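Me: I have a model open and some words I want to understand. Can we go through them one at a time?

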Amino acid sequence: MVGQYLSLVITVLIVLALIPVLDGIERKFVRARIQSRVGPPVLQTYYDLIKLFRKELLIPSTASKLFFIAPILSFFTSVAALFVIPYTLSNPLGFEGDLILFTYLLIFSSVTALLGGLASGNPFTEVSSSRELSLLIASELFLGLSIAVIALKHSSLSLSKIASTPVVTPSVILAYIALLYYAFVKSARTPYDIAEAEPEIASGYLIEYSGPLLAFAVLSNLVRRYLTASFFVVVALGPTVSLATSPIPTPIKELTNYVLVLVLSVLTYLALGTASVVHGRFRVIHALDSIRKYTSIPIIALLLAVVGL
Amino acid sequence: MVDVVKTLYEVLGGKILRHEVIRDGVVIDVRPEDLVSVVKGITEGLGGIYTVVVGVDGRGIDNTYHSIYVFSLDELKTYVLIRVRLSPEDPKVESITPIVKGANWGEREVRDLLGIEVLGHPDPRTLILPDGWPSNTYPLRKDFSYCERPRLDNPGSNYVPQRSEEVVALPYGPYHPLLHEPEYFELHVKGETVVDVEYRGFHVHRGIEKLGESRLTYNQVPFVAERICGICGFVHNVCYCQAVENAAGIEVPERALYIRSLVLEVERIHSHLLWLGVACHVLGFDTGFMHAWRIREPVMYLAELLTGSRKTYGINLVGGVRRDVNRDSIEKVVKILKKVKEEYDHFVKSLTSVKEVVKRLEGSGILPKSEAISYGVVGPTARGSGLKRDVRVDHPYAAYKEASFRVPVYSECDNMSRLLVRVDEVYESISIIDQLIDKLPSGPIMAEDVEVPEFREGFSGVEAPRGEDVHYVITGRFSKVYRWKVRAPSYNNIPALKVMLHECPLSDAPLTIASIDPCFSCTDRLVVVDVLTGRKFRVDLRTLARRGKL
Amino acid sequence: MSRLSWIKKALEVGVVTRKYPFEHAEVPEGSRGLPEFDSSKCIGCSACANVCTPDAIRVVDDLNEGVRRVEYFVGRCIFCGRCAEVCPVSAIRITKEFELAYKDEVRFIIELKLVKCSNCGKPFTTTRHLNHVLGKVGEGLPELMTLCPDCRRKSTVNSFITPVGGTV
């Protein structure tokens, strides 16, 4: 049991350490490559974060306490969500209902980040937060519907159970597609980076952050990006890679599953990054329209699930 | 020209005291009390479009102040310069802003810098001079020495950004990721909709006109003129030289004219590609940004090959150009441009696949044609609002008579139209360069006798990538210019932003501002104002350096 | 065309930016960079300083030491190349050198000896300049050459007047 916890902690630490590198890979080998640039070193995100952590802490006079707490809270919530993901078939922290915990942590992390920005009192954050909130409401409905379908078809709210039981019905497949799209929206890359939108609202909710606080805000954003990609992999591809029904001995099964989940998460992360590079930024209304349009997918999935497909 | 003069007399009758035909235009003298009716006659009767207001301290010439109102008669292919002479003790003139909106800034500038009182002007605020500038001190008057640095009293201001529950005032500038130059837009935003705009510019007024009039000889001015703008500097360079040549009656050798046109078009291609890149960046499409600039790079190389410098080409002098092109470089130009055209073609076609970019361009930032005329907008901003105006056609200069090209006009009046105008113009520019190279005449590149007589007027326009750039020159003694007035295209385009931004969604505001391709350094030509905090003051270099260290 | 055309194009053209300071950047022939001064040729005539728009080249006479200094400050230079154009002895050459950021104010200083007026003793130009002009006029008025412009004027006037009466 102790070994299981230890391996979980080690896994989370490894993932956490790799996330900035993953961003570096995206910047260097995806974004820069498609833009015909040399691009920054792979470790650039690390250099950025180290520099930010070394800088002095500046807090605007108009800011409230929340401004200080929010990015840190946001970061640790997102890290907490990392613990809930079943890297192996059995997660020692897993329980019946951890799916709900995971979504809760994910949403809590993005909401706190936003509230922190809003607490700075800068007019740009007001615009930014109104944008992010409308995006949040639209996309969480999306997530909620998809999860409902998956939970319904698996008759379970446990992530590990979902990740190891293959269920292939039209409704579940639609829900998987919806989850991938959700990961795209949630990654806050173009075209859905309307809350940051540097040329429009000067990085929006991040505008007043600097130094270590900015580092936390940036890092929690990156972790959320990984979380949504990994969540898709665990839920949609997990059953396939878990090899639950194959006769291979359990230790090998566990290991392949562990490696495959990580590799597929990384690939999904980078694939979403690639899609983002060939997109411009949506006008707010268009972003909401597009999400609304695609909400039909999980709705249809739900209807199908209800009728038993 | 005879027809133009005849038409002018037909419309204005006895109000013309005297007329003088100059190259590229007609100067008419009118009585100050007739000014408003004459302007009405020019705009309503002849379809004149406002170009610029020039103030001159003519006390050294005929002991009066001059105020010159320039209108472009596009159909008659000429400029009309309406001059009123004002008393040297108490210069006062009626405002024409109530009938010509575009003259708002021009008249305020004349009031700020020359102390010519403009009666009945709707906006009493200063435009260029900072708050706290001493009264009765006018920097462009001849008795104000170039080295004079007046102390600013009252370095505070009572400017407070408006705030209410519903309307949020968003400061765009003086430093903002969108605008890489210091200027200040305050967007009053209700939800996501812009309801009002305040603009304050001239933070970096450099006093270039004063510098040119007091410290430089006429052949040094082109190099300073070129530094008015960091993107399309060469147009200022050409325009100044043309204005002096027009004033002095210098005939520039044909080959020099071709070289000027050639380089101007190379500059236009690089400027438009730069803009396309920036537009993509503003729309969050950085891939387009990078590729536009990738395509632009060979064009920069071309410029360096032809002139010896990537930017600030510095090849013009009064009377011709300093640097000839050889067969070798011309072959390279043809070869490189062919490749640029292919790449550009692919770029434009690929851009249409990015739906969210296209959607944001369509229907945003509307500038109706009537407003475009009233504000006297120029360049792609005018052509995107259905106005067929292009200095290259309306007032041909350099070698543009020798090339046939289309003037792209779109009448949807939105950001898309302005983008399409520029997209088409790149193709036209490439074609112009090809044509000019085919016809390039041999011969000298510099006029033989360059004599500049004193107190002659010259006026010239050049179609910059951003629109019509005009320079007005009065030659002076000791190979200096007596008066040099620059009006960059953005000067006429920026005031029209108020119309374009009204009721526009916030997400489109940056694009709309960018859509006129504003060039603030051009516009500002002319003390540090910290508008964000509402304090306006001058900072000396030492204080700035000390602050930098903090 | 679809969005994929961007990716296709990027793969086709490859990486176009360079690791600049670590990699040499090539500029075309005839590009205008740092002017190079040949102090052995310079005659100190100030033609370059006269055309220099930003006052990057200045000519200062040090009367105590009896030298004329031609100073060039790269920080003000706009690389227009006008100085090379007007130099009567081709002492200035425009190079392609453009990496010109230095820690200090780098000045190229040429010191040239001044000639004192043989009459009033005021220094008025450089020895080299005088020789250059002498070479141009050929033989003629060598005694006038050593006079400063003021004394020369007086001397010329005197030469007209002397036959009639005494000196002025």
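This is a predicted model: local features need pLDDT of at least 70, side-chain atom pairs count only at pLDDT 80 or more; totals for chains, interfaces and linings use all residues.

Me: How many helices and strands does chain A have?

Reply: Chain A has 12 helices and zero strands. Along the sequence the pattern reads α-α-α-α-α-α-α-α-α-α-α-α.

Me: What makes chain A agree with a compact globule?

Reply: For 309 residues, the rule gives a value near 19 Å. Chain A has 19 Å, so the two agree. Along the principal axes, the C-alpha atoms fill a box of roughly 60 × 45 × 45 Å.

Me: What share of the residues in chain A is buried?

Reply: A residue counts as buried if 20 or more other C-beta atoms lie within 10 Å of its own. Buried residues make up 50% of the 309 in chain A.

Me: What share of the contacts in chain A joins residues 24 or more positions apart?

Reply: Take the contacts with a separation of 6 or more. Residues 24 or more positions apart account for 82% of them.

Me: Which domains is chain A divided into?

Reply: Domain 1 covers 1-54, and domain 2 covers 58-251 + 279-306. Their C-alpha centres lie 19 Å apart.

Me: How do you know that domain 1 of chain A touches domain 2 of chain A?

Reply: Two residues are in contact if their C-beta atoms lie within 7 Å. By that test, 15 residues of domain 1 are in contact with 15 residues of domain 2. On the domain 1 side, α1 (2-34) and α2 (44-54) each supply at least two residues. The largest share, 11 residues, comes from α1(A). That side divides into 12 nonpolar residues, two polar and one charged.

Me: Why is the crossing of α1(A) and α10(A) called right-handed?

Reply: The test is how the near helix is turned from the far one: clockwise, by less than a right angle, is right-handed. The axes of α1(A) and α10(A) (residues 250-277) cross at roughly 35° and come within 10 Å. The crossing is assigned as right-handed.

Me: Which residues make the contact of α1(A) with α10(A)?

Reply: From α1(A) come A:Leu22, A:Ile25, A:Glu26, A:Val30, A:Arg31 and A:Ile34. From α10(A) come A:Val266, A:Tyr269, A:Leu270, A:Gly273, A:Thr274 and A:Val277. They divide into eight nonpolar, two polar and two charged. Gly counts as polar here, and A:Gly273 is part of this contact.

Notes. Residues are numbered from 1 along each chain as its sequence is written. Chains are lettered from A and ligands numbered from 1 in the order in which they are written. Domain bounds come from an automatic or database domain assignment. Helices (H or I, at least four residues) and strands (E, at least two) are DSSP runs, numbered from the N terminus. Axes are lines fitted to C-alpha atoms, for helices over the stretch in contact, and angles run from 0 to 180 degrees between N-to-C directions. The radius of gyration is taken over C-alpha atoms; the globule rule is 2.2 Å times the number of residues to the power 0.38. A residue is buried if 20 or more other C-beta atoms lie within 10 Å of its own, exposed if 12 or fewer, and partly exposed in between; C-beta atoms are placed from the backbone.
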